[in-house]
Amino acid sequence: MTFSMKSSQKCGLIILLGLLAFAVLGSWLSPYTISQQDLNAILEPPNAQHWLGTDHFGRSMFTRMAYAVGLSFALGLVCVMTSALLGTFLGVWAAWSGKQVDGVLGVFVNILLALPGLVIVLLLAAIAPGSFLMLYLAISLVQWVEYFRVVRAVTQAVVQSPARQSSQMMGFGRWYQFKRHIWPAIAPSVFTLAAFGGANAILTMASLGFIYVGIQPPLAELGLMTVELFPYYSEAPWLLVQPLVVIALIVFGFHLLAGKRI
Amino acid sequence: MTILLKLTNVAVYAGDSCLLEPISLSLVQGRPLTILGQTGSGKSLLAQAVMGLLPEELALQGEIEVLGESMTCDERRALWGTKLVMLPQEPWNALDPLMKGVDQVQEVYRYVHGKHQREAMALAQADLQYVGLAHSGAKRPSQLSGGMAQRLAIAAATAGGASLILADEPTKGLDASRRLDIVRLLQTRSAMGGLLTITHDVAIARQLGGDILVIKAGRLVEQGDAQTVLSHPEGEYTQALLGAEPRVWKEASFSVPLPESPEVVLNVEKLSIERGGKSLFNDLSFQVKQGEVVGIVGESGCGKSSLGDALLGLLPVASGRISRLIPAAQPYQWLKLYQDPPSAVTSSVTLGKLLEDLVGLHGIDRGRIAPMMDKLSLPEVILERSCHGVSGGELQRFAILRALLLNPVFLFADEPTSRLDPITAKEVTTLLFSLARETKCAVLLVSHDADLVRKTCDQVIAL
């Protein structure tokens, strides 16, 4: 299968790769750690020692931003992988394995859909505040439903198609039928959903950080940094701007990458 | 007699290459004009040129006069609906799927003629009655059969009062029995104005009468009065086109005789099938022998395709018994050929890869492929393309190739040629049957074409 990307999608990919490079290189090259305080140099503007300035405890913003971006990407990636795999698998299973499986999965999905996604995440996150694992599980649980519904709808049509029926009659197994018939039909939608899903996962984590339910201090997280730096917005606006701009860039990058297909 | 439409040296170019060579014609009131030709011969380009619908990358030359005035593309577009109208090819794609039939006609009266709602509704009802849909006005297009949808589309398209009707393949994808209705309807409409029909179906051209133009690969090959041209064709191509009609095929045109003392492949006893709680047929019993071609005929919707699917185990049976009597045959040797080749072959990989998959799965001897492709006159190059890059005829022959490589004992051919043009259809049918004979494969043929079944089948089952 070949991927032909539009220029806007390439642009989105470049933004995301740039941020990723910043996260990796930043954490690796910086001489400071994320919790290393220097109370003699607080709220400094960008300078030669601290390229992005320091926060209200004199911690290096460059190091903290790199760590936070890395954390966001890590969470986005694992959430997308998990929910895409789970949603796709269950969607194909529901469409392919008859009415009973479809019915049971349908009921479960409808229950999940009846509750607002952010509320479910909030509930689970509040059980164990600051746990990355819990955040990951909660966000994945909310996100796989989208994949499930799209994949199920597309697969139903493919399962009924003469092309798949003909392959089955010629003796090809289920994996082959998935590979040749179902996957080519669902792949574009799954990739688009994954791009939006990545943005959503990161945004959800930032929202939870912003209300102190997500990742806990002293760790660096984009939402948490926003709320921590909020009191200093008039003295050091350059600090508050950093996490906000990065969140906007990440979401923008993912949405560009998704393209206009859905 | 007024001349409604006159084309003078109209040609269509894509860059430097000529898709449609200069052609001149005139359409007079009350005398239908038919353009006959194979798919891909540039017939539809002509209709698009007249309507002003040519894609931008194509260039139009020559002069088009509508109702005695030479007009530019934009001027012709302004006539849409009221003077000039084109019937859609596959109406179930052109109608609004969510709107009741009568509303789709009623809208034309309201918005084109500016009539009041009640009056428009009455006129629409009258129109539907005229096309025989009086009781189906409240149905949505998906609840109508193909023929009914086409009649609805004709009613909606002609409600604007256009005197000049262009019909591009008006019967494509319709059952043979429904085709006549559409042609009759078009005929009555054409008596009031001009009708330009574009088709590959000789039967339609014959029925419409009037004048005829035969086009091959963008070039006019023959022109004249329909009766004369169709009964005494002069051009070689016209003769081939006429000779491809099942009506005039020589009986038993297969060189290979039935195998001697053939074994029985399939035995069906008292079979009944139901679909959606409705019984399709009851107590059907028959036998199919090796190498035999069995035809199934019947009205559309009588369960012909369902019978074939049931024999292959794709549909449940209500009662009765189907016994497969060749114990050595594997399940994958019971196969089906589909009506619409592009929908029966995946477009995700090249045809060559699909063939490779099959060879790998069943350990087929690669040496058999080349001679078989020769026989089916399939060029090597198509293996490098996906199913979108080859014609319907080639794709159907590719489907036959895949089926035959598995040494089938039974092949269910569900209208295998109904979407192909006549010359290709004849080639494919003859090839399929003679190859099946050679390999002792039984074929169950479902067709609407009674002539085809009568000329080719050893046994006919009427449902």
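Let's start at His200(B), which sits in the loop between strand 8 (194-199) and helix 8 (202-208) of chain B. Helices here are DSSP runs of H or I with at least four residues, strands are runs of E with at least two, and both are numbered from the N terminus. His200(B) counts as buried because its relative accessibility is 15%. For that label, buried means under 20% relative accessible area, exposed means over 50%, and partly exposed is in between, with a 1.4 Å probe and protein chains only. The side chain of His200(B) makes a polar contact of 3.4 Å with that of Glu169(B). A polar contact is a pair of N or O atoms within 3.5 Å; within protein, one must be able to donate a hydrogen and the other to accept it, and residues adjacent in sequence count only if both atoms are side-chain atoms.

A quick word on the model. It is predicted, so local features need pLDDT of at least 70 and side-chain atom pairs count only at pLDDT 80 or more, while totals for chains, interfaces and linings use all residues. Residues are numbered from 1 along each chain as written, chains are lettered from A and ligands numbered from 1 in the order written, and side-chain values use heavy atoms, leaving out hydrogens and water.

Now, salt bridges. In chain B, Asp211(B) pairs with Arg31(B), with the closest N and O atoms 3.1 Å apart. That pair links distant parts of the chain, 180 residues apart: Asp211(B) is in strand 9 (residues 211-216), and Arg31(B) is in the loop between strand 2 (17-28) and strand 3 (33-37). Asp211(B) is partly exposed at 24% relative accessible area, and Arg31(B) is partly exposed at 31%.

Are Asp309(B) and Lys336(B) buried or exposed? Both are buried, and they form a salt bridge with the closest N and O atoms 2.8 Å apart. Asp309(B) lies in helix 11 (residues 304-311) and Lys336(B) in strand 15 (residues 334-337), so the bridge ties together parts that are 27 residues apart in sequence.

One more from chain B: Asp458(B) and Arg437(B) form a salt bridge, the closest N and O atoms being 2.6 Å apart. Here Asp458(B) is partly exposed at 36% relative accessibility, whereas Arg437(B) is buried at 6%.

On to the interface. Together, chain A and chain B bury about 1400 Å², 63% of it on carbon and sulfur atoms; buried area is the accessible area (1.4 Å probe) that two parts lose on being put together, summed over both. Which three residues supply 48% of the area that chain A buries against chain B? They are Met169(A), Met170(A) and Arg180(A). The contact takes 12 residues from chain A and 22 residues from chain B, with contact meaning heavy atoms within 4.5 Å. Across the interface there is 1 salt bridge, and Arg180(A) and Asp357(B) meet in a salt bridge at 2.8 Å, N to O. Helix 6 (162-169) and helix 7 (174-210) of chain A each supply at least two residues of the side that touches chain B, and helix 6 gives the largest share, 5 residues.

Last stop, Val24(A), in helix 1 (residues 7-29) of chain A. At 52% relative accessibility, Val24(A) counts as exposed. Thanks, everyone!

Note on methods
A salt bridge is a side-chain nitrogen of Lys or Arg within 4 Å of a carboxyl oxygen of Asp or Glu.
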